[in-house]
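Reader: I am new to reading structures and would like a close look at a single part of this one. Please take me through a helix and what surrounds it, in plain terms.

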Amino acid sequence: MKKILVINGVNLNMLSLREPALYGDKNYSALVDFIKSNTKKLGLKVKCVQSNYEGEIVDFIQLAYNRFDGIIINAGAYTHTSIAILDALKAVNIPTVEVHLTDINNREEFRKNSYISLFATKTICGKGFDGYKEALEFFAK
């Protein structure tokens with residue numbers, strides 16, 4: 001059974017409060033429940049973590065080495081700023097799918113730059129919670 005680490009970054013814990021017109025009215029707990037319910041259907045094992053701290057996200061990635069078969073990451077705003085997260089992903093060299101609830105390519109100009117995309121095997125944008133399901137399905141194949 002494949003083990004997948006789902007890393008959610010900065011401000012994802014504020015779902016339902018932060019810009020509900022963009023991110024929806026479901027909270028972070030609902031996201032985790034959604035991920036776990038889809039994981040069972042696909043025969044995957046998943047661990048979900050969230051942090052607002054760049055260094056802790058790097059730690060999650062490093063600790064995944066030799067423990068997980070895949071990483072799904074939504075780094076939030078760190079997507080557009082963190083070379084450290086990119087370097088950690090490169091170091092562990094675990095297949096990675098980048099997920100964004102909104103379509104970062106149709107938002108502010110600065111959001112169009114993703115350091116994570118430089119490593120990720122696949123990037124899924126603008127599908128809300130279903131983007132995580134698509135990422136899980138990618139790993140289930």
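Author: Contact here means that heavy atoms lie within 4.5 Å. The model is a predicted one.

Lys26 sits in the loop between helix 1 (20-23) and helix 2. Setting aside neighbours within four places in sequence, Lys26 is in contact with Leu15, Ser16 and Phe129. Leu15 is eleven residues away from Lys26 along the chain, and their C-alpha atoms are separated by 6.4 Å. Lys26 itself is partly exposed, with a relative accessible area of 49%.

Next comes the start of helix 2. There, a side-chain oxygen of Asn27 reaches to within 3.2 Å of the backbone nitrogen of Ser29. Helix 2 covers residues 28-42, which is 15 residues. At 1.5 Å a residue it should span 21 Å, and its end C-alpha atoms are 21 Å apart, so the two agree. Just after helix 2, Gly43 takes a positive phi of about 70°.

Which residues of helix 2 are buried? They are Tyr28, Leu31, Val32, Ile35, Asn38 and Thr39. These residues cover an arc of only 135° around the axis, which puts them on the same side of helix 2. The spacing follows a general rule: an α-helix has 3.6 residues a turn, so residues three or four places apart point the same way. On the other side of helix 2, Lys40 and Lys41 are exposed. The buried residues are covered by parts that include strand 1 (3-8), strand 2 (45-50) and helix 5 (130-140).

Side chains of opposite charge can pair when their charged atoms come close. A search of the whole structure finds two salt bridges. In one of them, the side chains of Lys122 and Glu134 meet at 3.6 Å, N to O. This pair links distant parts of the chain, with Lys122 in strand 5 (residues 122-125) and Glu134 in helix 5, twelve residues apart. The side chains of Lys127 and Glu134 also meet in a salt bridge, at 2.6 Å, N to O. Through shared partners, these salt bridges join Lys122, Lys127 and Glu134 into one network. How buried or exposed are its members? Lys122 is partly exposed, with a relative accessible area of 27%. Glu134 is partly exposed as well, at 22%, and Lys127 is partly exposed at 44%.

A disulfide is a covalent bond between the sulfur atoms of two cysteines. How many disulfides does a search of the whole structure find? It finds zero. The sulfur of Cys48 is 19 Å from the closest cysteine sulfur, in Cys125, and that is too far for a bond. Cys125 is likewise in no disulfide, since its nearest cysteine sulfur is that of Cys48, 19 Å away. At 19% relative accessibility, Cys48 counts as buried. Cys125 also counts as buried, at 19% relative accessibility.

How values were computed
Residues are numbered from 1 along each chain as its sequence is written. This is a predicted model: local features need pLDDT of at least 70, side-chain atom pairs count only at pLDDT 80 or more; totals for chains, interfaces and linings use all residues. Side-chain values use heavy atoms; hydrogens and water are left out. Helices (H or I, at least four residues) and strands (E, at least two) are DSSP runs, numbered from the N terminus. The expected span of a helix is 1.5 Å times one less than its number of residues. Buried means under 20% relative accessible area, exposed over 50%, partly exposed in between (1.4 Å probe, protein chains only). The arc is that of the directions from the helix axis to the C-beta atoms. A polar contact is a pair of N or O atoms within 3.5 Å; within protein, one must be able to donate a hydrogen and the other to accept it, and residues adjacent in sequence count only if both atoms are side-chain atoms. A salt bridge is a side-chain nitrogen of Lys or Arg within 4 Å of a carboxyl oxygen of Asp or Glu. A disulfide is a pair of cysteine sulfur atoms within 2.5 Å.
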